[in-house]
Amino acid sequence: MSRGLRAAAAAAASAVAAVAVRDLLQRDHALLRNFPVLGHGRYLIEAIGPELRQYVVAGNDEERPFTRDQRRWVYASAKKENNYFGFGTDNDIEYTAGYPIIKHRTFGRTVPRSNPASGLEAHVPCAKVLGAARGRAKAFRPASVVNISGMSFGSLSGAAIEALNKGAALAGCLHNTGEGALSPYHRRGGDLVFQIGTSYFGCRDEQGRFDLQRLKDQVASAPVKALEIKLSQGAKPSLGGLLPAAKVSAEIAATRGIPQGVDCVSPSRHAEFCDTDSLLDWVEMLATETGLPVGIKAAVGDLDFWAELTTLMATTGRGVDFVTIDGGEGGTGAAPLIFTDTVSLPFQIGFARVYRMFAERGLHEDVVFVGAGKLGLPDNAIVAFALGCDMVNVAREAMLAIGCIQAQKCHTDTCPTGVATQNKWLTRGLDPALKSVRAANYIKTLRRDLLKVAEACGVEHPGLIDTASVEILDGRTAATPLDQVYDYRPGWGLPSKADQSAIAALMTEPQGGSAPPSDDAARNLAEVTPANRRRPG
Ligand SMILES: Cc1cc2nc3c(=O)[nH]c(=O)nc-3n(C[C@H](O)[C@H](O)[C@H](O)COP(=O)(O)O)c2cc1C
Ligand code: SF4
């Protein structure tokens with residue numbers, strides 16, 4: 001090799017080494033910290049990917065679970081970058097059966113804000129007070145209609161949990177612990193919903209039996225605002241979880257109250273109740289002992305359980321404070337394909353069936369309904385609110401916000417971005433401080449978009465969007481109103497009249513407006529003040 005070539009090779013090697021060192025030391029990109037130099041390939045492909053894929057592989061709306069457009073929207077929102085799309089929709093609206101259309105109002109009682117940045121810090125609390133209907137001692141109004149769904153420490157890394165918990169604090173929303181108990185990473189300032197799974201992690205004795213005192217100790221040790229009993233999850237209904245021995249580190253063992261280095265298998269059913277009647281007894285006992293609102297999380301399959309639950313609630317005075325419905329399209333750290341693909345109903349169908357049962361028995365206004373299952377996208381969330389959801393939980397969308405690239409390796413412990421792994425090398429790439437801000441930005445942006453759509457529909461809050469505001473396309477030439485699709489009666493899907501007035505009064509943020517009127521217009525409009533034009537009552 002000539003001297004010139006050797007010098008060029010040495011210069012190239014030093015440049016690569018310098019890039020590697022910079023990648024290892026920077027904190028912005030987990031992928032580059034974990035895969036110095038090589039990681040740049042991904043960014044290059046991402047940069048030219050749209051052009052390549054447009055001609056060679058998939059379209060913007062083909063990938064699953066989240067299309068490229070959906071992921072782009074989450075990434076841009078999380079980074080507070082421009083999340084607008086140019087040229088118009090590339091969705092196949094006219095030919096996609098089931099496509100939701102939201103119907104804006106020309107002269108509603110609200111004026112949507114138009115500035116891209118406005119409303120980002122808007123306060124969008126829940127339209128119902130959680131636990132109030134049943135007189136729970138610690139009833140409260142959740143501060144955010146968008147909250148972080150249960151994902152356990154174990155399925156997610158400590159760094160990811162920390163990023164989400166700090167993000168929840170920044171965004172002023174609730175962070176559900178998932179069934180893996182309350183870890184040190186959940187104690188970073190965010191308010192919590194403590195989830196109780198079939199293994200009673202964090203509130204069990206040495207034999208694995210539920211231990212009320214330990215639950216009370218956990219609740220007292222952290223800002224736990226509510227308890228959620230997990231009955232099932234959309235991606236793996238009827239199955240318990242499995243955390244393989246290799247992933248049961250000392251930290252996870254201590255958090256869950258289980259032996260280290262042994263397969264951690266969660267049973268499929270709870271031991272503390274065996275039917276709907278005993279479930280309700282347990283709910284009441286937990287609420288009395290802790291003072292907290294208590295709810296259940298479930299995917300929807302057979303409806304016998306819901307029929308019995310609503311009948312018992314209507315006749316015995318016992319009841320749950322909230323119901324979280326998880327769609328069959330929901331995510332998981334790991335589950336058998338047949339369960340993720342086929343067991344349990346998709347969100348809209350499952351939720352509407354359950355909501356109808358509560359509404360037919362006159363219970364719908366006394367229960368807070370929470371939805372999950374790709375509801376971290378504004379269009380899906382709006383349909384959920386119209387159907388009667390009071391809040392939505394986001395799981396995988398929040399993972400995207402903190403760096404997940406949808407590599408779908410969460411079950412292998414090799415997650416390249418450090419989100420869903422316990423591998424120390426991979427998790428060190430995820431900087432919780434930076435990613436917490438991204439999680440918060442994403443949640444605030446989703447909330448802001450929901451608010452804007454509500455205002456475009458003429459109401460002050462997403463919870464006030466009614467079924468009349470949504471139609472479902474049947475193809476190019478027909479659409480069916482949402483209430484007809486799901487057999488809803490007038491008024492269903494909305495909070496009580498008192499809750500409607502209360503939440504409208506709480507939405508005091510300035511809305512959008514118009515340019516100054518001409519003199520003629522001003523004279524004609526003199527009798528109609530801006531305030532009563534926007535809020536006729
Ligand atoms: C990695 C991962 C772990 C999860 N762990 C739990 C859990 O511990 N408990 C639970 O009820 N749901 C769990 N879920 C389900 C989510 O909470 C959520 O219900 C579901 O993913 C639907 O929301 P999404 O479409 O926004 O992801 C998990 C989901 C993921 C992706
Ligand atoms: S990057 Fe891949 S493996 Fe990691 S959390 Fe996302 S989907 Fe799971």
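Strand 9 and strand 10 (residues 368-372) run parallel and are joined by five bridges; strands here are DSSP runs of type E with at least two residues, helices are H or I runs of at least four, and both are numbered from the N terminus. Two strands count as paired if DSSP finds at least two bridges between them. The model is predicted, so local features need pLDDT of at least 70 and side-chain atom pairs count only at pLDDT 80 or more, while totals for chains, interfaces and linings use all residues. Residues are numbered from 1 along each chain as its sequence is written, chains are lettered from A and ligands numbered from 1 in the order in which they are written, and side-chain values use heavy atoms, without hydrogens and water.

Strand 9 also pairs with strand 8 (residues 294-299), again in the parallel sense over five bridges. Ile325 stands opposite Ala298 and opposite Gly371 in strand 10. From strand 8 the chain passes through helix 9 (residues 304-316) to strand 9 in a right-handed β-α-β crossover; with the strands pointing away from the viewer, such a path runs clockwise from the first strand over the helix to the second.

Five of the five residues of strand 9 (residues 322-326) are buried, so this strand is largely enclosed by the rest of the structure. Buried means under 20% relative accessible area, with a 1.4 Å probe and protein chains only. Phe322, Thr324 and Asp326 point one way, and Val323 and Ile325 the other. In a regular strand, side chains alternate between the two faces of the sheet.

How values were computed:
Buried means under 20% relative accessible area, exposed over 50%, partly exposed in between (1.4 Å probe, protein chains only).
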